[in-house]
Amino acid sequence: MTRTVNYYNSTSAPDEFVGARVFETHIDFYFPHGYIVDALNENDCRKKALDVLYLITLAAPSLYESNFSSRFGRKADSIPLKSFIWLIKDYSDNGLIFSIEKRYKEGGNGRINWARTFKNIPLPTRSGSIYLDLTAEYKTKTDNMLTIIHEYCLKLAYREIGWLFGYNNSIKIEELTDAQKIFYERYLLREQNCVFDDRKKILINHLLRILRYSIGKKDFSDKSEVGTYKFSHVWERMIQKVYGNKSLDEFFPNAIWHINGVVKDGSRLRPDTVMEYADGEKKRLYILDAKYYKFGLYNDINLLPGSSDVQKQITYGDHAMLRHGEYEGRIKNAFVLPFCSDSDEKIQVVGYAESNWRENESSYQRVYLLLMDTEYLIRAFIAGEHGG
């Protein structure tokens with residue numbers, strides 16, 4: 001049976017889920033806010049869907065561990081997406097793993113193994129000894145336990161995300177008991193200690209992750225989800241990784257309690273991203289708050305950050321000015337929201353917020369609203385992760 005794949009922009013999503021909902025007969029994939037795709041271009045959609053899922057595993061490992069989950073009967077558990085992707089790509093390049101064994105045959109074709117040949121009884125002649133039975137050496141691929149485990153985990157990978165690679169057929173898997181999976185896990189752990197081939201080492205690590213993921217599951221349902229309901233964490237992480245170049249530890253304002261003679265620090269406020277930018281001999285400081293809001297999709301003022309968010313950014317600016325006087329007069333504040341740019345301008349300033357309870361004399365007391373093209377940010381983040 002072949003599943004159809006439907007691709008949706010976030011404006012068509014019924015909730016905040018980003019990723020793939022897999023059903024028995026079809027797959028629905030939802031892109032994040034601001035990532036607009038042409039649903040009729042299947043190859044491009046599939047590539048971008050793979051980028052989005054891979055992005056989530058890169059951007060927020062802790063999120064990936066706890067929120068790649070299903071609402072179709074599976075409890076929330078860690079889906080080893082990286083391992084699934086690696087396994088399918090490796091299989092495409094190298095095929096299944098096999099043991100290579102040397103075998104020998106008397107009088108066979110192939111490379112002569114002289115050490116074994118000399119162990120045979122020679123035929124004496126006047127000119128010397130002649131070995132009539134030459135021992136040929138050849139190599140052959142043989143199935144072993146590692147091959148069996150590799151094939152099983154590969155089938156799991158194809159059933160979970162094979163559609164991302166253009167393989168849409170449902171895969172039937174002979175399910176294993178937990179005892180069998182644990183036996184396989186122990187076998188792989190033993191193999192780890194005596195393997196020196198790089199590909200095999202990496203392969204075993206991915207097989208272990210997939211096996212451990214499968215333990216405790218009685219079957220793999222045809223209804224599942226691969227994605228996250230908390231893409232806001234991914235958005236925040238991308239902004240921090242691409243633009244943050246200052247340690248956040250220096251920019252944590254906090255209250256101090258004085259209670260019955262005891263002095264105690266209150267909870268600390270934490271900015272999302274702090275960036276220093278050299279402007280000639282002087283340096284500017286930018287305090288950025290990543291907001292995964294829908295304003296950039298609908299241009300609806302009801303979807304803007306609230307007054308408490310504005311006050312928090314101003315407080316970060318107060319703290320930075322007091323603790324880092326070298327930036328005085330050169331501290332800027334901004335919210336960063338997603339949108340889809342239809343031009344070469346991937347970042348747009350569309351307005352600002354200011355308080356009505358202060359004089360707003362300092363530069364940071366005006367909090368600007370920046371819209372950033374989602375695809376542009378994703379590509380910048382992935383390139384940075386791979387040293388681009």
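Residues are numbered from 1 along each chain as its sequence is written. In this predicted model, local features need pLDDT of at least 70 and side-chain atom pairs count only at pLDDT 80 or more, while totals for chains, interfaces and linings use all residues; side-chain values use heavy atoms, with hydrogens and water left out.

The secondary structure of the chain comes to 11 helices and 16 strands. Here helices (H or I, at least four residues) and strands (E, at least two) are DSSP runs, numbered from the N terminus. Of the 388 residues of the chain, 44% count as buried. Buried means under 20% relative accessible area, exposed means over 50%, and partly exposed lies in between, with a 1.4 Å probe and protein chains only. Contacts, meaning heavy atoms within 4.5 Å, can also be sorted by separation along the chain. Among those with a separation of 6 or more, 69% are between residues 24 or more positions apart.

Helix α8 covers residues 231-243, and its 13 residues should span 18 Å at 1.5 Å a residue; the end C-alpha atoms are 18 Å apart, which agrees. The expected span is 1.5 Å times one less than the number of residues. Which residues of α8 are buried? They are Phe231, Val234, Trp235, Met238, Ile239 and Tyr243. Seen down the axis of α8, these buried residues fall within an arc of 135°, so they line one face of the helix. The arc is that of the directions from the helix axis to the C-beta atoms.

Helix α11 (residues 374-385) has 12 residues and reaches 17 Å from its first C-alpha to its last, close to the 16 Å expected. Its buried residues are Thr374, Leu377, Ile378, Phe381 and Ile382. They cover an arc of only 125° around the axis, which puts them on the same side of α11. What do the buried residues of α11 pack against? Their partners are α1 (42-59), α8, β14 (331-339) and β16.

Aromatic side chains come next. A pair of aromatic rings is described by the distance of the centres and the angle of the planes. Rings of Phe, Tyr and Trp (its six-membered ring) pair if their centres lie within 6.5 Å; planes under 30 degrees apart count as stacked, over 60 as edge-to-face and the rest as tilted. The structure holds 14 aromatic pairs. One of them joins tyrosine 91 and tyrosine 158 edge-to-face, at 6.5 Å centre to centre and 85° between the planes. Tyrosine 91 lies in helix α3 (residues 81-94) and tyrosine 158 in helix α5 (residues 145-161), so the pair ties together parts that are 67 residues apart in sequence. Tyrosine 91 is partly exposed, with a relative accessible area of 33%, whereas tyrosine 158 counts as buried at 17%. Elsewhere, Tyr7, Phe29, Phe31, Tyr35 and Trp163 form one aromatic cluster.

Strand β10 (residues 254-259) and strand β11 (residues 262-268) run antiparallel and are joined by five bridges; two strands pair if DSSP finds at least two bridges between them. Tryptophan 257 stands opposite lysine 264 in β11. The hairpin of β10 and β11 has two residues between the strands, and asparagine 260 takes a positive phi near 50° there. Asparagine 260 counts as exposed, at 77% relative accessibility. Another positive phi, near 55°, belongs to asparagine 299. Asparagine 299 is in the loop between α9 (295-298) and α10 (307-323), and it counts as exposed at 60% relative accessibility.

Is a loop residue such as glutamine 365 buried or exposed? Glutamine 365 is found in the loop between β15 (347-354) and β16 (366-373), yet it is buried, with a relative accessible area of 6%. Leaving aside neighbours within four places in sequence, glutamine 365 is in contact with residues including Ile314, Asp318, Ala353 and Arg358. Its C-alpha atom is separated by 9.8 Å from that of tyrosine 316, 49 residues apart along the chain.

Glutamate 185, found in helix α6 (residues 178-192), is also buried, with a relative accessible area of 15%. Beyond its neighbours within four places in sequence, glutamate 185 is in contact with Leu208, Leu211, Arg212 and Ile215.
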